[in-house]
Amino acid sequence: MKQDWKPGTLIYPLPAAMISCGSTPAEYNIITLSWLGTICTNPPMCYISVRPERHSYEIIKRNMEFVINITTEDLAYATDWCGVKSGKDTNKFEEMKLTAGKASVVRAPIIAESPLNIECRVKEIIGLGSHDMFIADVVNVKADEKYIDKETGKFSLEEANPIAYSHGQYYNLGERIGGFGWSVRKKK
């Protein structure tokens, strides 16, 4: 048997990402989000959804840029902390001892400790209700070389131990169960 529940957002798990924003060190901030994702491959586009009352909302809206910083087990504490503390009251980079690195294209900082930084430029903002969606072009990606295979050039994010968010909890990723197309490959 299944129960009917009121409509809700139960599409889990989701990435747990720290979004960095701001155009000057005095304005730099981090907001933790899971309401984010890929929209398009070509051109590369993604989105984040942010509540208008959040401190980072106005910073992103004013600068029209942000960086999605993929989080890991090593960054789990900072990921949660940056999601419950307001940047109005504290400097999250300093408090969590995170490095505000220089992005290649946008003015928003990267979080240097993150294995993957996705630089984004906002293309459109759509008001949806509790959240506004920032639709963005991906203008650059910075990948930590220690997760890039020197022979194949393949980036192995799984080696960085990324975390996911599911219904109020953080999780590491489990074992790989297959790869794209494994269900239809001919057996050797």
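A residue is called buried when its relative accessible area is under 20%, exposed when over 50%, and partly exposed in between (1.4 Å probe, protein chains only). The model described here is predicted: local features need pLDDT of at least 70, side-chain atom pairs count only at pLDDT 80 or more, and totals for chains, interfaces and linings use all residues. Residues are numbered from 1 along each chain as its sequence is written, and side-chain values use heavy atoms, with hydrogens and water left out.

Start with the aromatic rings. Rings of Phe, Tyr and Trp (its six-membered ring) pair if their centres lie within 6.5 Å; planes under 30 degrees apart are stacked, over 60 edge-to-face, and the rest tilted. The count is 6 aromatic pairs. One of them joins Y57 and F134, edge-to-face, at 5.4 Å centre to centre and 70 degrees between the planes. Y57 lies in helix α1 and F134 in strand β10 (residues 132–143), so this pair ties together parts 77 residues apart in sequence. Helices (H or I, at least four residues) and strands (E, at least two) are DSSP runs, numbered from the N terminus. Y57 is buried at 4% relative accessibility. F134 is buried too, at 0%.

Y147 and F155 also pair. Their ring centres are 6.4 Å apart and their planes stand at 85 degrees, so this pair is edge-to-face. Y147 is buried, with a relative accessible area of 16%. F155, at 24%, counts as partly exposed. Elsewhere, ring pairs link Y12, W35, Y165 and Y170 into a cluster.

Next, a sheet. Strands pair if DSSP finds at least two bridges between them. Three strands form an open sheet in the order β1-β11-β12, with antiparallel pairing. Its edge strands, β1 (14–15) and β12 (169–172), each pair on one side only. β11 (residues 163–166) and β12 are joined over 4 bridges. In this pairing S166 stands opposite Q169 of β12.

Now the open spaces. A pocket is an open set of points on a 1 Å grid over the protein atoms alone, where a 1.4 Å probe fits, with protein on both sides within 12 Å along at least five of seven lines; lining residues have an atom within 4 Å of a point. A volume is the space filled by probe spheres set on the points, which are joined across faces, edges and corners. The largest pocket has a volume of about 590 Å³. Of its 27 lining residues, I31, T32, L33, R54 and G83 are the closest to its centre. The second largest pocket has a volume of about 300 Å³. It is lined by 14 residues, and T9, W35, Y47, S49 and H131 are the closest to its centre.
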